Amino acid sequence: MNEPLRTRLLAAGLDAFAEYFRVVTDGGPADSSEYVRALKELAGARGAEARAWRGRVRACLGLPDAGTDLEAAVRASVPRARVWLAALRLGEGRYDEVKDLLGPEAEEPWGRFVRACAHLGAGKAAEAAADLKIVLSSQDDEQSAAAAGLWALSESAVGNTKRARVLLAAAARLKPKAAWPWVLLGRVERAAQDKAACFRALAAAIKREDSAWTRLERSRMHEALGDMDRALDDATAAIAHSPRSTAPLLWRAHVQTCRRHYHLAAPDYARALKLDASCVPARRGRAAIHLVRGYPAAALADARAAERASPGSPEAVLERARFQIYANDATPALDRETAAAVRGAKEIAWKAVFLRGCRLLKARRFGQAARVFAQSGLAPVPVEAALKSSFYGGIASGLDATKDLIPQRPASDRPRLLICGLGIVPPYTASLQSLRMILSCDYVFNNLSEPEIADLLWLLSSKGEPTMFDIRGADSRWTKTIFRRVKPGTTTGFVTRGHPQVCGGLAASLIEEGKLVGADVEVYPAVSSINTLAINALPGRLGSFWGLQVMDYSTVFEPQFRMDRRVPTIMYFNASVQLITAEEYARFCARLEDAVGRGRRIYFYGRNFSVAPDLVPVEAARGWYGRIDPSYTLLIPPS
Amino acid sequence: MSETVRLLGLGLEPRDHATVEVLQALAECDEVRAQGFGRQDLEFLKRQCRRGALKSVAQDAPPKPLARALVAAARRGRRVSLATPIHPFYYGPAGAAVVAECAAKKVLWKSFGSISPMGAAISKAGVTLGTNVFGLQSFEAEALADKAVEPNPVWPLILYFVRAPDAAARSRLGRALARFYPKSHPALWCAGARVGEKTDLADALRTCSSARTGDTLYLPEAKATASTLGRPDRHHVVIKGAVAPPLVEGE
């Protein structure tokens, strides 16, 4: 292998400790254009050293078979090959193998560093400290800085944030042009919940190295804080830096999924698969999206491909089985297959039992399904198992007890549209009646974006698609889309959040359209914010509520407006509150105060009912002009 | 879940209105005191509960001893709940008694939303709050008369029954409603044995002598509203809690 190539590879940082930090922060493969070029050049190079470098580059690129080249280089006693192979095993989490691999290299700085990493990975901080102290006191800045960085990670993990910051400051002084100390500092500050400090550190990292790695790191922070737009911007920049890498594409697809923009996530998964057809995360991610978007057969195809790419993986078998069930492609033989797959994997054995329950639920054998879900939730199981088994067990048991109420095919040929709300906290607030109505549908439109709801609907129905009803109001486009399916002799379902007739513009449109076209439209009651909010008016009082009032804020302007103070009252706003004049708003406030009673306190709910409300004097409303969002709600407790 | 008393509402028709989270709670509890249910509903509840967990409680059971028993059981580490039709805070005084006893003994309580008479009524009547009605009022039938409620005539009125009113109670109810609604005022049964039946107020008052818990009557507004101020543009109605989707034409 020629000297210029060796020099270039070293300059690319392939031999740097920093490579470890990129791996440990999920930075994905290194800037692949440089490494791909190196790999091409190495293809023609001969000898054990070239093979070692090839293995190293393949490991950095996240390509398979890196281990094969490195193992051959180790056998040929190529310098550094052992350490590089140990680093590969580190990345794979095979910490026990690392120490055995190192041999005499364990006494060299790089070897000590890798050994310390393995100790930390295995939770042995004290053993790691011994090696790190030696490397830290090295004359070599690269080595000292790396040891400081690793130690900082270890200190941060046990909550010693101040010490971690000091160590990373030292690393940054030793390596002023390196981005990795700042990336690690961002991690430390994020763990310490100092968002501003985290973003400052990440900005410093990007200033030193604007790469896929640093952009992904900042994108993750934005995503964790719920700023999906900025997360998307950084994810897109990461892709631009590393267009031949799957990691940024997978991440951006994840962000799009978080935004419920499934149609934008799908192309990213497709692109990742074009780069690497055996990319299991891409297959799994796309399978989930296919299901949400109403394509269970395509979801199953991706799940099968993921299974082929993960031979011997019980999780892959279970995933494939899950999609088989959704796609109505499951038989009892599947139970034996999944049970066999989890043999020897006690921690996930519950999943095979749970899937058996799902298969039975899909087959409408509710009683059996309930018994199987009870089994899958039996301790000792992880919390996830207990929760999911309890949830689906409740559904199966309830449906079994009321299966005589599942509608049969109606005698009349008239087209039917069933509008089912799954309540204010779907799917937990779904009623048995709504679930039975969904069972009776030939096609279901799902107006809910959560993937777990898509999972539930695919167990109760066989055909459907998502709608994406515009949050701003009734949308005739969706009315037309839905009514294209409402045909004689069929029953179509529309599933939505809350109660469809509480501030439900689309439900009202569907009811009107149904009257026009001669379809039977039925709406089923559901738990709405009315019901959940009113409960909050009670604590501390005796007696019971004997009534309830619910109003749109506009009704306050009515001449006949009156409100009984002895029962809870809920008041919703609507979009027009942003259009009324100051004088009109003042009149609203005056009438509200008259009705409620001056000085009385009311609950003010913001955009999200799950956030605790503010308890404020009714007069506080006077200060809200121009700031009320239509989604705000007032709860006036009884006096 | 220990040291927590659950308050579970089964709506107007438990076999229809039980929610998944209520079914889960029933299955998890060591003791479920079910107040005010008939035989068929008790059979349904029993199937959702652990063996031996369900205990039926009379509709008129004194609330404070019931609450004390529940809270004492919770303090012993048992998972307990009070289940009623509609919701414990609306069905009778037991729910509030439990809350008061929990506060006194520093025990947590938890409740879930349930399907209400108002929710059932608007489904059957086909009206949408915020689109074609802008206010709703719902009262327990006897309380409307006894508490001298003055309904708002521009809002639909929902009356729900916790028990069948005797003759005197029906008479008081009739007089209270007569001040605002003519005898011929349309009425719609929204839940119960006569669900879906359209009638008028006079007939409804006659036949409510056989009303059962959860039977619900819907009376449309008595007067049209004169105001348009603050009414939304039909295309600007908010869905709370929904995630804003992209505005794309299909996929």
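**Close-up views of a predicted two-chain model**

View 1. Helix H22(A) is mostly covered, since 10 of its 14 residues are buried. In this predicted model, the buried positions of H22(A) are A:Trp350, A:Ala352, A:Phe354, A:Leu355, A:Gly357, A:Cys358, A:Arg359, A:Leu360, A:Leu361 and A:Lys362. Their packing partners in chain A are the helices H20 (314–326), H21 (333–341), H23 (366–376), H24 (383–401) and H26 (451–460). The helix covers residues 349–362, and its end C-alpha atoms lie 21 Å apart, which agrees with the 20 Å that 14 residues should span at 1.5 Å a residue. Just after H22(A), A:Arg364 takes a positive phi of about 65°.

View 2. In soluble globular proteins, nonpolar side chains tend to be buried together. The largest nonpolar core of this model holds 88 residues, of which A:Leu361 and A:Leu399 touch the most other members. Leaving aside residues up to four places away in sequence, A:Leu361 touches A:Phe366, A:Ala369, A:Phe373, A:Tyr392, A:Ala396, A:Leu399 and A:Leu459.

**View 3. Helix H13 of chain A.** Helix H13(A), made up of residues 195–208, has 14 residues and reaches 20 Å from its first C-alpha to its last, close to the 20 Å expected at 1.5 Å a residue. Its buried residues are A:Ala197, A:Cys198, A:Ala201, A:Leu202, A:Ala204, A:Ala205 and A:Ile206, and what covers them includes helix H12 (180–191) and helix H14 (212–224) of chain A.

**View 4. The open sheet formed by strands of chains A and B.** Strands of a sheet pair through backbone hydrogen bonds, either parallel or antiparallel. Here an open sheet of 10 strands, with mixed pairing, has the order S9(A)-S8(A)-S10(A)-S7(A)-S6(A)-S6(B)-S7(B)-S10(B)-S8(B)-S9(B). The edges are formed by strand S9 (614–617) of chain A and strand S9 (198–200) of chain B, each of which pairs on one side only. On average, and with direction ignored, neighbouring strands of this sheet are turned by 25° against each other.

View 5. Most residues other than glycine have a negative phi, and most peptide bonds are trans. The peptide bond from A:Pro426 to A:Pro427 is cis, with omega near 0°, and A:Pro427 lies in the loop between strand S1 (416–421) and helix H25 (432–439) of chain A. A:Arg260, although not a glycine, has a positive phi of about 65°; this residue lies in the chain A loop between helix H16 (246–258) and helix H17 (262–275). In chain B, the loop between helix H6 (94–105) and strand S5 (108–111) contains B:Lys106, which is not a glycine either but has a positive phi of about 55°. With a relative accessible area of 74%, B:Lys106 lies over the 50% cut-off and is therefore exposed.

Technical notes
Residues numbered from 1 in each chain as written. Chains lettered and ligands numbered in written order. Predicted model: local features only at pLDDT ≥ 70, side-chain atom pairs only at ≥ 80, totals over all residues. Heavy atoms only, no water. Core = buried A, V, L, I, M, F, W, Y, C linked by side-chain atoms within 4.5 Å. Buried < 20%, exposed > 50% of the residue type's maximum accessible area, 1.4 Å probe, protein only. Contact = heavy atoms within 4.5 Å. Helix = DSSP H or I, 4+ residues; strand = E, 2+ residues; numbered from the N terminus. Expected span 1.5 Å × (residues − 1). Pairing = 2+ DSSP bridges. Axes fitted to C-alpha atoms, helices over the stretch in contact; angles between N-to-C directions.
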